[in-house]
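Student: I am new to this structure and would like a guided tour. Please take me through it one question at a time.

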Amino acid sequence: MAGALAAGGWGLCAGAALLVGAAAGSFLSVPPRWVALIMAFGSGVLISAVSFDLMAEAHELGGTVPTVAGAVAGAALYSAANVLLARHGARHRKRSGAQQPSEQEQPGSGNAIAVGALLDGIPESVVIGTSLLGGGHVGTATVAAVFISNLPEGLASASGMQRAGRSRTYVFILWSAIAVISALAALAGYTLLGDASGTTMAAITALAAGAILAMIADTMIPEAFEQAYLLTGFTTVLGFLTAFMLSHG
């Protein structure tokens with residue numbers, strides 16, 4: 001019971017970073033270039049977590065075949081869902097500029113953005129829960145990586161939503177709901193997969209890793225490059241190294 005509560009608590013903690021970022025995006029006038037640089041940093045953090053924590057853990061648990069199969073499946077599932085959501089107005093959900101459509105321009109786009117935010121957050125949360133099984137050592141680094149990456153996501157998305165005419169109430173209700181669902185997803189990952197075999201755990205961990213990597217390429221890097229340009233790569237590497245030191249410190 002204590003482990004399940006810890007998993008849910010860590011998931012809530014990581015998801016709460018979206019609220020912190022949303023508050024910054026709603027109440028502070030953050031220059032678009034700074035938003036982009038923070039997004040690039042967060043991208044590097046997640047890439048490092050995927051590489052050194054999730055994929056390495058999956059390979060250790062189940063070997064090459066379930067790890068590769070899981071990652072491909074995760075990327076394919078995320079990409080297919082993302083294409084569907086993009087057609088309904090959620091393509092630019094992590095953008096801080098005026099790229100997001102308003103409800104007047106595309107009815108239902110607000111709901112699509114909400115579902116897209118949920119799609120982005122669930123794989124990260126499930127991994128947090130599963131990483132704590134059996135006293136797993138991945139938890140702290142993964143939680144830190146997700147928390148750091150969620151800050152710019154919340155900041156950029158909130159700025160974009162308000163530019164599209166959505167209220168602060170909408171923004172904070174959305175991110176509060178995502179934070180709660182993140183906690184539930186982490187709790188579910190811990191409680192439902194406790195008896196799973198190493199092969200199954202490897203496939204699920206790699207599936208989440210593939211989905212996260214596809215999310216970075218589809219939604220975070222484009223926002224970063226649009227404003228930061230040639231600084232995107234350098235800032236992404238700084239984020240990568242920060243997460244690397246967290247997991248190997």
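Tutor: Let's begin with a term we will need throughout: a helix here is a DSSP run of H or I with at least four residues, a strand is a run of E with at least two, and both are numbered from the N terminus. Please keep in mind that this is a predicted model.

Student: Thanks! How many helices and how many strands are in the protein?

Tutor: Reading from the N terminus, the elements run α-α-α-α-α-α-α-α. The count is therefore eight helices and zero strands.

Student: What is the radius of gyration of the protein, and does it fall in line with or depart from that of a compact globule?

Tutor: The C-alpha atoms fill a box of roughly 50 × 35 × 30 Å along the principal axes. For 249 residues, a compact globule would have a radius of gyration near 18 Å, and the value for the protein agrees with that: 17 Å.

Student: What share of the residues is buried?

Tutor: A residue counts as buried when its relative accessible area is under 20%. Of the 249 residues in the protein, the buried ones make up 47%.

Student: Let's visit some single residues. Which helix holds Leu-231, and is this residue buried or partly exposed?

Tutor: Leu-231 sits in helix H8, residues 231-248. Pro-31 is 200 residues away along the chain, yet the two C-alpha atoms are separated by 15 Å. The relative accessible area of Leu-231 is 37%, which means partly exposed.

Student: Where does H7 bend?

Tutor: H7 covers residues 198-228 and includes Gly-210. The bend in H7 is about 40°, and it is at Ile-216.

Student: How far apart in space are Leu-54 and Gly-210?

Tutor: Leu-54 lies in helix H2, residues 32-62, and at 4% relative accessibility it counts as buried. Gly-210 is buried too, because its relative accessibility is 8%. Along the sequence the pair are 156 residues apart, but C-alpha to C-alpha the distance is 9.5 Å.

Student: Which residue marks the bend in H3?

Tutor: Helix H3, residues 64-90, has 27 residues, and a straight helix at 1.5 Å a residue would reach 39 Å. The end C-alpha atoms of H3 are only 34 Å apart, short of that span. Among the buried residues of H3 are Gly-70, Gly-74, Tyr-78 and Asn-82. The helix bends by about 30° at Leu-84.

Student: Now H4. What span should it have, and what is the distance between its ends?

Tutor: H4 bends by about 30° at Gly-121, with the proline Pro-123 following within four residues. At 1.5 Å a residue, its 23 residues should span 33 Å, and the distance between its end C-alpha atoms agrees with this: 34 Å.

Student: Finally, which elements give two or more residues to the lining of the second largest cavity?

Tutor: That cavity has about 50 Å³ of space. Its lining includes Gly-11, Gly-121, Val-146 and Ile-178, and by class it has five nonpolar, six polar and one charged residues. The elements giving two or more residues are helix H1 (2-27), H4, H5 and H6.

Technical notes:
Residues are numbered from 1 along each chain as its sequence is written. This is a predicted model: local features need pLDDT of at least 70, side-chain atom pairs count only at pLDDT 80 or more; totals for chains, interfaces and linings use all residues. Side-chain values use heavy atoms; hydrogens and water are left out. On a 1 Å grid over the protein atoms alone, a cavity is a set of points where a 1.4 Å probe fits but cannot get out, and a pocket is an open set with protein on both sides within 12 Å along at least five of seven lines; lining residues have an atom within 4 Å of a point. Grid points are joined across faces, edges and corners, and a volume is the space filled by probe spheres set on the points. Ala, Val, Leu, Ile, Met, Phe, Trp, Tyr, Cys and Pro count as nonpolar, Asp, Glu, Lys and Arg as charged, and the others, Gly among them, as polar. The expected span of a helix is 1.5 Å times one less than its number of residues. The bend at a residue is the angle between axes fitted to the seven residues ending there and the seven starting there. The radius of gyration is taken over C-alpha atoms; the globule rule is 2.2 Å times the number of residues to the power 0.38. Buried means under 20% relative accessible area, exposed over 50%, partly exposed in between (1.4 Å probe, protein chains only).
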